[in-house]
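Trainee: I would like to learn how to read a residue within a sheet. Could we work through one case?

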Amino acid sequence: MNTPNELFSTAKGFSLQCDLTAKIILHFGEMQASFRIQDFLNFRRFINNIDIHSKIFDLSDDSDYEFVEAPQLNINHKLTLCEVIQLRELVNGTHFAIELNSLLHELLFNESELV
């Protein structure tokens, strides 16, 4: 039986990898999203491209929030800058866990071929 495996968690959310559907599932506050790996990488790029530094120094009310949208994934949320930073931490931690799992799998797979 294949069940979702936790990849990464923070105080504000967690991510899972489902072997059955080959998807990354992200839980962040009220947001729950299921990504194919390419969609996850695109979402990560979008989150990392938000210029938090300039928003911090912008005194307009519009810069206090960021709209995080991915219509194809049914994601549409208005997040505060703190939430964007927390989401970025979750997304980047998840990416690191995926990369680490891939590297370990590759090393173990190659090592077992040599034996």
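**One serine and its sheet**

Mentor: Take Ser15, which lies in strand E2 (residues 13-18). Keep in mind that this is a predicted model.

Trainee: Is Ser15 buried or exposed?

Mentor: The cut-off for buried is under 20% relative accessible area. Ser15 has a relative accessible area of 0%, so Ser15 counts as buried.

Trainee: Which residues does Ser15 touch, leaving out those up to four places away in sequence?

Mentor: The contacts of Ser15 are Asn5, Glu6, Leu7, Phe8, Ile25, Leu26, Leu90 and Thr94. With Thr94 there is also a polar contact between the side chains, at 2.6 Å.

Trainee: How are the strands of the sheet arranged?

Mentor: In general, strands of a sheet pair through backbone hydrogen bonds, either parallel or antiparallel. Here four strands form an open sheet in the order E1-E2-E3-E4, and the pairing is antiparallel. Strand E1 (5-9) and strand E4 (31-35) are at the edges; each has a single partner strand, so one side of each lacks a neighbour in the sheet. On average, neighbouring strands are turned by 20° against each other, direction ignored.

Trainee: Over how many bridges do E2 and E3 pair?

Mentor: Six bridges link E2 to strand E3 (residues 23-28), in the antiparallel sense. Within E3, Ile25 is the residue opposite Leu16.

Trainee: Which strands does helix H1 touch?

Mentor: Helix H1 (residues 37-48) packs on the sheet and touches E3 and E4. The direction of H1 makes about 130° with that of E4.

How values were computed. Residues are numbered from 1 along each chain as its sequence is written. This is a predicted model: local features need pLDDT of at least 70, side-chain atom pairs count only at pLDDT 80 or more; totals for chains, interfaces and linings use all residues. Side-chain values use heavy atoms; hydrogens and water are left out. Helices (H or I, at least four residues) and strands (E, at least two) are DSSP runs, numbered from the N terminus. Buried means under 20% relative accessible area, exposed over 50%, partly exposed in between (1.4 Å probe, protein chains only). A polar contact is a pair of N or O atoms within 3.5 Å; within protein, one must be able to donate a hydrogen and the other to accept it, and residues adjacent in sequence count only if both atoms are side-chain atoms. Contact means heavy atoms within 4.5 Å. Two strands pair if DSSP finds at least two bridges between them. Axes are lines fitted to C-alpha atoms, for helices over the stretch in contact, and angles run from 0 to 180 degrees between N-to-C directions.
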